[in-house]
Amino acid sequence: MSDLTTSPTDSRCPSKIDVLPSEIIYSRYASHLEPSLLPAIRSLISADLSEPYSIYVYRYFLYQWGDLCFLASHNDAIIGVVIAKLEAHRGGPQLRGYIAMLAVKSQYRGKGIATRLVSMAIDAMVEKGADEVALETEVTNTPAMKLYERLGFIRSKRLHRYYLSGNSAYRLILYLKYPKGSHGEDGRCDCGHDQGEGDGEGEREHQYHCGHGHHGHHHGPEGRFDGELYI
């Protein structure tokens, strides 16, 4: 089975809903609530994703990695979801996480919900020992690219005509551990390459040579994501 896509952002967005961040409830998927949750999740994702998925695709992820699925709700309605998995990469010792689906109801975009959901999924994968996280997104999906790159993902490769629609995709990788080079007490790499200031050519050069992204710039004092990108 081919890898899945993350949700594009539809520019034809209905009027935004005025809601306080404290009114949005985040929770982990609960398998015993599948009869009510799964139809709502499918409806939300189907409205956004570029390719339709059967119910068996959802069950493939939720039955095995339901603890890596997180929901955002408002007034008891699901308004955002992220679905992920974590398994050995190519049968080796390395654990690779995968963001399979991400969607936020259009009226609720711009409030940091997508960033919060992805961060929760990444934190859950980190707790399980993930070495890296991967995903694909359409090359034209600029909002998603900005979201993931702000969280530390870097572009790994371009996949030409990746989707059934004929659109191409970028594969993005977030390196959670430092596979190359060592790091000093200040957290900076001792590799000797130009590390820039967290962005720009220097940072990209550093990522290329040392094999890790700048995800460390987006963690709080407890090592958990403190993403502030409002998408």
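Predicted model: local features only at pLDDT ≥ 70, side-chain atom pairs only at ≥ 80, totals over all residues.
Colleague: Where does Ser 168 lie, and is Ser 168 buried or exposed?

Modeller: Buried stands for under 20% relative accessible area and exposed for over 50%, with partly exposed in between (1.4 Å probe, protein chains only). Ser 168 lies in the loop between S6 and S7, and its relative accessible area of 13% makes it buried. Strands (E, at least two residues) and helices (H or I, at least four) are DSSP runs numbered from the N terminus.

Colleague: Which backbone atom does the side chain of Ser 168 reach?

Modeller: A polar contact is a pair of N or O atoms within 3.5 Å; within protein, one must be able to donate a hydrogen and the other to accept it, and residues adjacent in sequence count only if both atoms are side-chain atoms. Here the side chain of Ser 168 reaches the backbone nitrogen of Arg 161 at 3.1 Å.

Colleague: What should I read from the phi of Arg 161?

Modeller: Most residues other than glycine have a negative phi. Arg 161, although not a glycine, has a positive phi of about 50 degrees; Arg 161 is placed in the loop between strand S6 (154-159) and strand S7 (169-175), and at 65% relative accessibility it counts as exposed. Arg 90 also has a positive phi, near 55 degrees, in the loop between strand S3 (77-88) and strand S4 (95-104), and Arg 90 is exposed at 77%.

Colleague: How many bridges join S6 to S7, and what is the strand order of the sheet?

Modeller: Two strands pair if DSSP finds at least two bridges between them. S6 and S7 run antiparallel and are joined by five bridges, and Arg 158 has Tyr 170 in S7 as its bridge partner. The open sheet of seven strands has mixed pairing and the order S1-S2-S3-S4-S5-S7-S6; its edge strands, each pairing on one side only, are strand S1 (25-28) and S6.

Key:
Residues numbered from 1 in each chain as written. Heavy atoms only, no water.
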